[in-house]
Amino acid sequence: MMKKIKLTRANKSITLKALAPYYYQQRALGHGTQEVGKLILKIDSLPADKKATFSTEKIFLMRSTINQLRNVQLAKGQYTDDADDMLLKLF
């Protein structure tokens, strides 16, 4: 199943910020990073405020990594408004 999601500049930024540590972690473990890398490049190349289509698997990956980033921000006492906004779009 595919879903269209409109990404603002803040949504793109928080998603890329969340995906980057996952990409490097997978690379360090010797796992395949091609799919994550393609997702990062797709999100980075999108113009702001445009809709993009993502598969269920990609949405799950984005949701998981953004939630992990949100948990780190909460533990540090930082605000999580951008992560919360993106998570709502992914549900």
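User: Which residues is Thr15 in contact with, leaving aside its neighbours within four places in sequence?

Analyst: Contact means heavy atoms within 4.5 Å. By that rule, Thr15 is in contact with Ile43, Met62, Ile66 and Met86. This is a predicted model, in which local features need pLDDT of at least 70 and side-chain atom pairs count only at pLDDT 80 or more, while totals for chains, interfaces and linings use all residues. Residues are numbered from 1 along each chain as its sequence is written, and side-chain values use heavy atoms, with hydrogens and water left out.

User: Why is Thr15 called buried?

Analyst: Buried means under 20% relative accessible area, exposed means over 50%, and partly exposed lies in between (1.4 Å probe, protein chains only). Thr15 has a relative accessible area of 1%, so Thr15 is buried. Thr15 lies in helix H1; helices (H or I, at least four residues) and strands (E, at least two) are DSSP runs, numbered from the N terminus.

User: Why does Asp49 count as partly exposed?

Analyst: The relative accessibility of Asp49 is 45%, so Asp49 counts as partly exposed. Asp49 sits in the loop between helix H2 (34-45) and strand E2 (50-55). Asp49 is not a glycine, yet has a positive phi of about 65°.

User: What makes a set of residues a nonpolar core, and which members of the largest one touch the most others?

Analyst: A nonpolar core is a set of buried Ala, Val, Leu, Ile, Met, Phe, Trp, Tyr and Cys residues joined through side-chain atoms within 4.5 Å. The largest has 21 residues, and Phe54 and Met62 touch the most other members. Strand E1 (2-7), helix H1 (9-28), H2, E2, helix H3 (56-76) and helix H4 (81-90) each supply at least two residues. H3 gives the most, with five residues. Not counting residues up to four places away in sequence, Met62 touches Thr15, Leu19, Leu39, Ile43, Phe54 and Leu90.

User: Why is the radius of gyration of the protein chain said to agree with that of a compact globule?

Analyst: The radius of gyration is taken over C-alpha atoms, and the globule rule is 2.2 Å times the number of residues to the power 0.38. For 91 residues a compact globule would be near 12 Å; the protein chain has 13 Å, which agrees. Along the principal axes, the C-alpha atoms fill a box of roughly 35 × 30 × 20 Å.
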